[in-house]
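Hi,

Here is the structure I said I would pass on.

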Amino acid sequence: MPIRFGTDGWRGVIADDFTFDNVRAAAQAVADLVHEEGRSVAPIPVGYDVRFLSRRFAEAVAAVLEGNGLPTSLPEGPTTTPMVSCQVVAAGAPLGVVLTASHNPPQYNGFKVKAAFGGSAPPEMTARLEALIGRRAPRTGRPPERRHPYMPAYVPRLGAVADLEAIRRSRLRVVVDSMHGAGDGILEGLLRGGRVRVITLRGEADVLFGGSSPEPHPGNLGPLRAAVVRHRAHLGVATDGDADRIGVCDERGRVVSPFQVFALVALHLLEGKKWRGAIARTFANTLLAERIAGRSGLPFHDLPIGFKHIARLMLEQDVLIGGEESGGIGVKRYLPERDGILIALLLMEMLASGSKRLSRRIAAIEDEYGRYTYRRVDIPMPPGKNRNAVAAIRSAPPARLAGIGVRGIDALDGVKLLLGDEGWILFRPSGTEPLLRVYCEARGDGTGDRLIRGGLAWLRAHAR
C-alpha cells in the first residue's frame, strides 16, 4: 500500500504495511525534504512510544537521517509525542519524528512528523513528503550511540502554563491511568514531594496495552473509574498511548465527556486565569465551544478534523484554546500542540483553586450552557465503502432522524446533520483506520443513542 499521511501521520499494521523498508523510505523522504529546504540542521529528535519494535523503528529512522548527513537525537527511553515536540523547539531542529500509532490498536504503529514550531506537520508539508517517498533509495548510516534526556525541554513548557507549585501544595488525590503507554510516571514525578497524592494505574509498559487499544474512550476507563471510587480521589485522568490526549472521570467515578473537559478547561482559562483569546474546535467537537465564545465575546473558529488545523490557527492568531472531540486539547502559552499531561495539570490547578468536586463544576456548566450528552460509535468499514456511505448521506440526507427534524447539513469534513438546539450527528471516514466514525451530541439522556441507531439504520437502507 502507498504511504499516506492521514489525520496525524502515517499509520499501518506492523509487518503488513508498517515495515522496516517502508519506515526507511519515509525517513529518506524526511531527509530529502530537509535538504530541499536548505536549512542549517540542529540534531533532529526521533522519539518513540512503547509499541512493539518502536525503539528499533526509531533507530532505523535515525540511521537513514544520519546516512544523509543529518544529525539526530534519540531519547533515553519511550517518550510522549508532546515531549518530542518540545525537544524540536528547544533544539532549534527543522522537524522531529515520533514512532507511535497513538490510540490505535496494538497491531499498529505509526510515523508522526512534527514541524519546527513544535506542532503537527501541516498538510502541505506531508503532501511534499508523500511526493518524495520512493524517489531515492534510503541511504543508511548508523544511529547515534548517545541517548538524550527530553524532560529538561518539556517540564519548563508545562510550568509556563500550569502552576505546578500550587498543585503540589494542594491536598488533591488524583488517579492517573497511563493505559500502559508512554505517559507512565510523568505526573507522579512532576508532583512528587508535595501534599498532592498521585496514584498511577497501568503504568508498566505493555506492547499489547493490556489487550485493548490505548484510547481513553469510556469503554476503556473501567479500571480508572473503580480506582477513583476506591481511593476517594477528586479526579481521575487517563492518557492515550503517546499521552497527547486525555480521558477524565469525576470524584464519583463517572466519565466526563471530552466535550465537558473542553468546556471545563476553557472556563478555567477564562475565569480562573483571566486569559483571553479565540476559541477553536474541530468539526466533531462540542456546541459548548461556540456558546462559551459567544457569551465571552471571543472569536470562534470551526475547523476540519485533525489538530494540525488548530496548530496552524495558533500560529496565525491569538488562540486561547483549541480542541478535538477525542480529548486532544491545546492552549495558549504552550506550543501549538495538544498534550494530555498538560490538560491534566490544568484540571488539577482548577480543583486546587476552588471547589474540589468536579461534578459540581460540570453541573454549573450544564445550568449555564445546556445539558448535552456525547456518543461516538466506530463501524469497521473499508476505506472506499466508508467514503461512499458519507457521500450517500451528503447527496440525499434524511428529513428526520429518530423523530427529530434535520435543519441542515454541513459538509466541512464528512457530513454533519444539524438538529438545531437538539444537537447534531456527524458521519466521517476515519483518517487513521478502516472505520466509519459516527459522532453525536444531543440534548438530554438517551437521545444520542437513538440518533446513532437511526443513522446506522438509514445507512443500511440507503448506502451501497
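Predicted model: local features only at pLDDT ≥ 70, side-chain atom pairs only at ≥ 80, totals over all residues.

H3 itself covers residues 81-91, and eight of its eleven residues are buried, so the rest of the structure largely encloses it. The buried ones are Thr 81, Pro 82, Met 83, Val 84, Ser 85, Cys 86, Gln 87 and Val 88. If you want to see what covers them, look for strands S2 (44-48), S4 (95-99) and S5 (108-115), along with helices H5 (151-159) and H7 (186-190), which are included in that cover. At the start of H3, a side-chain oxygen of Thr 80 comes to within 3.2 Å of the backbone nitrogen of Met 83.

**Two residues with a positive phi**

Most residues other than glycine have a negative phi. Ser 102 is not a glycine, yet its phi is positive, at about 55°. You will find Ser 102 in the loop between S4 and S5, and with 0% relative accessibility it counts as buried. Arg 202 is not a glycine either, and it has a positive phi of about 45°. Arg 202 sits in the loop that runs between strand S8 (197-201) and helix H8 (222-231).

**Two helix pairs**

Start with helix H1 (residues 20-37) and H2: their axes come within 9 Å and cross at roughly 40°, so the two helices are oblique to each other. The crossing is right-handed. On the H1 side, the residues that meet H2 are Phe 20, Val 23, Arg 24, Ala 27, Gln 28, Val 30 and Ala 31, and on the H2 side they are Arg 56, Phe 57, Ala 60, Val 61, Val 64 and Leu 65. By class, this contact has ten nonpolar residues, one polar and two charged.

The other pair is helix H9 (residues 258-272) with helix H12 (residues 340-352), which pack at an angle of about 60° with their axes 10 Å apart. H9 and H12 are therefore oblique to each other, and H9 passes H12 in a left-handed crossing. H9 contributes Val 261, Leu 264, Val 265, His 268 and Leu 269 to the contact, while H12 brings Ile 343, Leu 346, Leu 347, Glu 349 and Met 350. Those residues divide into eight nonpolar, one polar and one charged.

Asn 68 is in the loop between helix H2 (54-67) and strand S3 (72-75). With 6% relative accessibility, Asn 68 counts as buried. Which residues does Asn 68 touch, leaving aside its neighbours within four places in sequence? They are Gln 28, Ala 31, Asp 32, His 35, Arg 136 and Arg 139. Ala 31 is 37 residues away along the chain, but its C-alpha atom and that of Asn 68 are separated by 6.5 Å. As for Arg 139, its backbone oxygen lies 3.4 Å from a polar atom of the Asn 68 side chain.

Thr 239 belongs to strand S9 (residues 235-239) and counts as buried, at 2% relative accessibility. Again leaving out neighbours within four places in sequence, Thr 239 is in contact with Asp 177, Ser 178, Met 179, Gly 183, Arg 245, Gly 340 and Ile 341.

Cheers

Methods. Residues numbered from 1 in each chain as written. Heavy atoms only, no water. Axes fitted to C-alpha atoms, helices over the stretch in contact; angles between N-to-C directions. Helix = DSSP H or I, 4+ residues; strand = E, 2+ residues; numbered from the N terminus. Parallel < 35°, antiparallel > 145°, perpendicular 65-115°, else oblique. Left-handed = near helix turned anticlockwise from the far one by under 90°. Contact = heavy atoms within 4.5 Å. Nonpolar A, V, L, I, M, F, W, Y, C, P; charged D, E, K, R; others polar. Buried < 20%, exposed > 50% of the residue type's maximum accessible area, 1.4 Å probe, protein only. Polar contact = N/O pair within 3.5 Å; in protein donor to acceptor, adjacent residues only side chain to side chain.
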